[in-house]
Structure formats: C-alpha cells, structure tokens
Amino acid sequence: LRIAVLASGRGSNLQAIVDAIDAGTLDAEVTGVWSDRGDAQALARARGAGIPARAMRPRDFADRPSHDSAMFDAIDADDPDLIVCAGYMRLIGAHVLASRAGRLINIHPSLLPAFKGLHTHQRALEAGVAEHGGSVHFVTAELDGGPVIAQARVPVLADDDAARLAARVLAREHPLLLETLRWIAAGRVRWQADGVHVDGRMA
Ligand code: GRF
C-alpha cells in the first residue's frame, strides 16, 4: 500500500505508521509527507525517516482552491493508493475530493458523529459523556462528516482534564489507524454508495 500523509503538527500518527512499517507489521510505503505548515514536527519526523517531506503554505497561493489543487496534484504525482490526513488542520475543497473519493481517510479524536471539529476532548468533558475515543473515516467535503470505517473507545474518568483525556485517546488512535491501514492494504474495506463495507459487511 502506497500511502501519502498530510499533517499540520506533531505527527505522532505519522510516526506510528513509520514505526509499524519498520517493524514489519504494516505492509506499506510512505510516498511522501505533506504539510500546510513549514514548522510541522511531522515534516522533521519524515525527513528523519528518509521520507520526502514538503510544506505548501496556503499564503503562497492565490486562494484556497489553488492551494488544494497544487498540493493534491503534487501528492498524486507519487501515485499513492491512499492519502491519510493525520492531524491535517485544513478543510479540503470539494473540487479535489471529487476525483479522489474513497482514497482519502482522516483520523479524528472523537466518536463521530459526536464532536466534529476542534477541541473535541474539552467538549466531551463539558458534555459529560461516559465514553470518548477516536474515529477513522473517509473524507468528504463535510468537515469530519464522511463515512466512518473504524472507531476506538475509551472511558472518561472522573478526574479527567482535556490533556489526560487526549492522551488516553491518542494512545488508542495509533493502533486504530494502523489496524485500519492493514484492512485497507488487505483490500478488506470498500466504500460503496450505501456505506462502508468491511469484509463485505456494513461497518
Ligand atoms: C490527533 O488527535 C488526530 O486525531 C487529530 O489531530 C491529532 C494529530 O496528532 N486529527 P499527531 O499530529 O498525529 O500527533
């Protein structure tokens, strides 16, 4: 499985992918890491692993659609099977998504459809939910709204603050993303008109 990764920040999910490939537990190759921020730690992690890494800053482009187009055309030049948004903090325009439906996934730190968008851990605490977690989903033009492939759940504990809860979720995000990538690599995941199928069954 040839994977391109988009990341805006820390890059711990990218690192989990790189480490799993190195360890031989994920049969994949990262074709490149892309960011909207030159200072993203994810870029440094990629370079450290010998993976091509490139920032394309939105302010260097005339408008949002031209930034999206330039970045996704460059990504596709490497011919990835899958594009993984791992902490990529920008909305992606419908015009680039249309031709890439089913080839783009995102990891989001909530049990979607709950808590789309930002500050998910704080919002989960404020809502008083007993369970929280992470989701991997196909990307559509609706923010965090595409069909969910897989989720990991964690309990919310009485003395949690947002940082503690975030750490508990992140520890589950990494194996969740890796497991999803293994399923995709094995051809077990399909997104059809009626939804996501894993091994022929609705996810
Ligand atoms: C993760 O919590 C991910 O779910 C969210 O942003 C965070 C990225 O973390 N979309 P990292 O950059 O992979 O460390």
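Student: In this predicted model, what makes helix 5 roughly perpendicular to helix 6?

Tutor: The crossing angle. The axes of helix 5 (residues 120–127) and helix 6 cross at roughly 115 degrees. Angles of 65 to 115 count as roughly perpendicular. So helix 5 is roughly perpendicular to helix 6. The two axes come within 9 Å, and the crossing is right-handed.

Student: Which residues make the contact?

Tutor: Helix 5 gives His121, Gln122, Ala124 and Leu125. Helix 6 gives Ala162, Leu165, Ala166 and Val169. A pair is in contact if the C-beta atoms lie within 7 Å.

Student: How many residues of that contact are nonpolar, polar and charged?

Tutor: Six are nonpolar, two are polar and none is charged. Ala, Val and Leu count as nonpolar.

Student: Which shell residues come nearest to the ligand?

Tutor: Arg10, Ser12, Asn13, Gly87 and Pro109, out of 14 residues around the ligand. By class, the shell has five nonpolar, seven polar and two charged residues. Gly counts as polar here, and Arg as charged.

Student: Why does the radius of gyration agree with a compact globule?

Tutor: Set the value against the rule. For 203 residues, a compact globule would have a radius near 17 Å. The protein has 16 Å, so the value agrees. Along the principal axes, the C-alpha trace spans about 45 × 40 × 35 Å. Six helices and ten strands make up the count of elements in the protein.

Definitions and conventions
Residues numbered from 1 in each chain as written. Predicted model: local features only at pLDDT ≥ 70, side-chain atom pairs only at ≥ 80, totals over all residues. Near = placed C-beta within 6 Å. Axes fitted to C-alpha atoms, helices over the stretch in contact; angles between N-to-C directions. Helix = DSSP H or I, 4+ residues; strand = E, 2+ residues; numbered from the N terminus. Parallel < 35°, antiparallel > 145°, perpendicular 65-115°, else oblique. Left-handed = near helix turned anticlockwise from the far one by under 90°. Contact = placed C-beta atoms within 7 Å. Rg over C-alpha atoms; globule rule 2.2 N^0.38 Å.
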